[in-house]
Amino acid sequence: MIVSAHVATGAAGGALLRSRVGAVVLGAVLHGVGDAIPHRDIPSRRFEICSGLAALAALAWTRGLLDPATLGGAACAAPDLEHVLPFPRPGERKLFPSHRVEGWHRSGGIPAWAQLAGAGAILALVLRG
Ligand SMILES: [Zn+2]
């Protein structure tokens with residue numbers, strides 16, 4: 001999914017769990033689930049990074065840096081860092097299971113604008129508390 005949708009779903013999971021450790025674990029799981037849902041990606045790396053950081057900043061600003069929602073959002077988006085940073089690639093493949101296992105990350109289906117709208121709606125709810 002697009003980065004802001006990962007942040008939003010992870011934040012919602014963390015807000016519901018109200019546990020920091022749980023939020024981080026659930027965030028990683030939700031990243032895998034999100035990648036398995038057929039979706040379109042946004043071809044702009046800059047937009048992906050900026051929108052993800054903006055969503056995380058909004059969470060940290062309103063709920064606090066160590067709030068489960070903020071941690072969950074960060075944990076859910078974090079696996080995509082390996083798309084932009086020089087992480088190790090054992091066997092020439094990426095590390096996170098949904099990026100490593102062929103056929104897990106699925107293209108097509110939910111358009112980027114719908115993910116963006118959904119992310120905005122979920123974030124608005126989480127930010128309101
Ligand atoms: Zn991913």
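Predicted model: local features only at pLDDT ≥ 70, side-chain atom pairs only at ≥ 80, totals over all residues.
Q: How many helices and strands are in the chain?
A: Six helices and zero strands. Both are DSSP runs, numbered from the N terminus: helices are H or I, at least four residues, and strands are E, at least two.

Q: What is the radius of gyration?
A: It is 14 Å, close to the 14 Å that the globule rule gives for 129 residues, so the chain is as compact as a globular protein of that length. The radius is taken over C-alpha atoms, and the rule is 2.2 Å times the number of residues to the power 0.38.

Q: And what does the C-alpha trace span?
A: About 40 × 30 × 25 Å along the principal axes.

Q: Switching to packing. At what angle do H1 and H6 pack?
A: About 30 degrees, with the axes 8 Å apart. That makes H1 roughly parallel to H6. H1 covers residues 3–17 and H6 covers residues 112–128. Axes are lines fitted to C-alpha atoms, for helices over the stretch in contact, and angles run from 0 to 180 degrees between N-to-C directions. Under 35 degrees counts as roughly parallel, over 145 as roughly antiparallel, 65 to 115 as roughly perpendicular, and the rest as oblique.

Q: Which residues meet there?
A: From H1, among them Ala-8, Ala-12 and Ala-15; from H6, among them Ala-119, Ile-122 and Val-126.

Q: What about H1 and H2, at what angle do they pack?
A: About 140 degrees, with the axes 9 Å apart. So H1 is oblique to H2. H2 spans residues 20–36.

Q: Which residues of H1 and H2 meet?
A: Gly-10, Gly-13 and Gly-14 are among those in H1, and Gly-22, Gly-27 and Gly-34 among those in H2.

Q: Now Gly-73. Where does it lie?
A: In helix H4, residues 68–77.

Q: Buried or exposed?
A: Gly-73 counts as buried because it has 35 C-beta neighbours inside 10 Å. Buried takes 20 or more other C-beta atoms within 10 Å, exposed 12 or fewer, partly exposed in between, with C-beta atoms placed from the backbone.

Q: What is it in contact with?
A: Leaving aside neighbours within four places in sequence, Gly-73 is in contact with residues including Val-7, Gly-14 and Leu-59. Contact means C-beta atoms, placed from the backbone, within 7 Å.

Notes: Residues numbered from 1 in each chain as written. Contact = placed C-beta atoms within 7 Å.
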